[in-house]
Amino acid sequence: MPEAADLEQRLVLLQAEIDWPATPALAARVRARIAAPAPAPRPWFQNRWAMAAAAVLVVLAALVAYTPSRDAIASWINLHTIFTRVNQLPTPSPLPSGPLGKRLGLGDPTTLERAQSKVSWHILVPASLGRPDEVYLQLPPQGPPKGEVTLVYKSRPGLKTAGETGVAVLVTEASGTVDTQMFGKLLGNSTTLEEVTVNGHKGYWIAGQPHIFFFIDANGQFRDETLRLATNTLLIDYDGTVIRIEGDLTNAQALEIAASLS
Amino acid sequence: MEGRPTDGELFSRAQRGNEAAYEEIVRRYQDVAFRTAYVITGSAADAEDAAQEGFVKAYRALATFRTGAEPRPWLLRIVANEARNRARSAGRRHQLELRLAERFRPGDAAPSPEAAAVAAEDHTWLLGLVNELSEEDRLVISSRYLLELSGEETAAALGIPEGTVKSRLSRALARLRQRIEGGAHA
């Protein structure tokens, strides 16, 4: 009977004898690719979308032309979020089971203090909700280039538990350069998008029919495991840090939470 | 004449936009990146695409590479992610069939002492058992032993936490050992 070390040794010996396919000469080809200008802002989205539709979605969404004004597009870029209108929302596959962080693709559990030591911006906490019950940190490459922090509020008096997340409120914060995309949203015809201002910071209130939400990683890749239905959401740009407040909230409740961020 | 630049020096230069420095990084890591992608996709063509695309994406994400960090796990994570996406979008994975190089196969014309012939036969048989393992077991064993990746690199390649690598590897080895015993190979 082979001992553990013996088996491991035999496997290591195999290594030198494997007939690997010849490595293609990638260096020159990669050099040629990176010398070419970077692709236009989001051409990957169409491809990614096609891939996601095949892999994840049950119903193929019919993408319709959405013609926002130039100003609106600029605002959205500052909010690090790609918005797409669809005629029919796709049905995401069921969320994976397991702990909240894994289910919603939030990253690793941590504490507020540890998360603060890992990210460059000051993490804003809504005073009206108090200290979060759980904190998650997602670093690149899974998260956006400067990381992303999520504060979880499981239940709070007067707030409902959202069916989409299983908790009362999620506050997600991320920071990046102006052209970094961190979140994607697919809005159905019955989802409303309204411009709001919170303490002088511009934002959007997305409400009505649940919309589809997904994270984008540091490589600009849409993380299909995070594609899920999201309930009402307030997005605010706090001087380059985008704050996402999601919950089964009224407009007034969301604005009150946002106004208490400090 | 300066000596060979370190990985750290090359990354610093590449982060400042030096494309030649990045080309050298690709040259240094293309073997391990391509083979890792091959183990994941089971197809040399898919592995080539995944490795090339992964290196291009890594270049565009160089700003996220921390000075002083190990480059191999960082690069392998991006390439392996690309390989997994490809395998997934293809709808099915190719069955990975690792083979021994010609000179190590038993029964070859090259004159070899009896002991070497026995060893070659043993290696062919063992590799056959590895090929027959479940995908999860085969990936972790191939990464750790056949690609000689570190624990951190294996975690990056498989997209799992480093702590999970050890337990997954230990279970995979136990199952391989069962097959060895079941096979009653001399």
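User: What is the strand order in the open sheet of chain A?
Analyst: This is a predicted model. In it, the open sheet of chain A has 8 strands in the order 2-3-4-5-12-11-8-7, and the pairing is antiparallel.

User: Which are the edge strands?
Analyst: Strand 2 (108-110) and strand 7 (191-198) of chain A, each of which pairs on one side only.

User: And what does the twist average from one strand to the next?
Analyst: The average is 20°.

User: Which helix packs on that sheet, and which strands does it touch?
Analyst: Helix 7 of chain A, residues 251-259, packs there. That helix touches strand 5, strand 7, strand 8 (201-208), strand 11 (233-238) and strand 12 (241-247) of chain A. Its direction makes about 35° with that of strand 7 of chain A.

User: How many bridges join strand 4 to strand 5 in chain A?
Analyst: There are 6 bridges between strand 4 (residues 148-153) and strand 5 (residues 169-175) of chain A, and the two run antiparallel. Within strand 5 of chain A, A:Val169 is the residue opposite A:Tyr153.

User: Switching to a loop: where is A:Val119?
Analyst: A:Val119 sits in the loop between helix 6 (112-118) and strand 3 (134-138) of chain A.

User: What is A:Val119 in contact with, leaving aside its neighbours within four places in sequence?
Analyst: A:Lys146, A:Gly147 and A:Val149. As for A:Glu148, which is 29 residues away along the chain, its C-alpha atom is 7.9 Å from that of A:Val119.

User: Now the two chains. How many residues of chain B are in contact with chain A?
Analyst: On the chain B side 43 residues are in contact with 34 residues of chain A.

User: Which helix of chain B gives the most to that side?
Analyst: Helix 2 of chain B, with 10 residues. Elements giving two or more residues include helix 3 (44-60), helix 5 (114-132) and helix 8 (162-183) of chain B.

User: What classes of residue are on that side?
Analyst: The side of chain B that touches chain A has 24 nonpolar, 14 charged and 5 polar residues.

User: Last one: is helix 7 of chain B mostly covered or mostly uncovered?
Analyst: Mostly covered: in helix 7 of chain B (residues 151-158), 6 of the 8 residues are buried. Among them are B:Glu153, B:Thr154 and B:Leu158.

User: What comes just after helix 7 of chain B?
Analyst: B:Gly159, which takes a positive phi of about 65°.

Definitions and conventions:
Residues numbered from 1 in each chain as written. Chains lettered and ligands numbered in written order. Predicted model: local features only at pLDDT ≥ 70, side-chain atom pairs only at ≥ 80, totals over all residues. Pairing = 2+ DSSP bridges. Helix = DSSP H or I, 4+ residues; strand = E, 2+ residues; numbered from the N terminus. Axes fitted to C-alpha atoms, helices over the stretch in contact; angles between N-to-C directions. Contact = placed C-beta atoms within 7 Å. Nonpolar A, V, L, I, M, F, W, Y, C, P; charged D, E, K, R; others polar. Buried ≥ 20, exposed ≤ 12 C-beta atoms within 10 Å, placed from the backbone.
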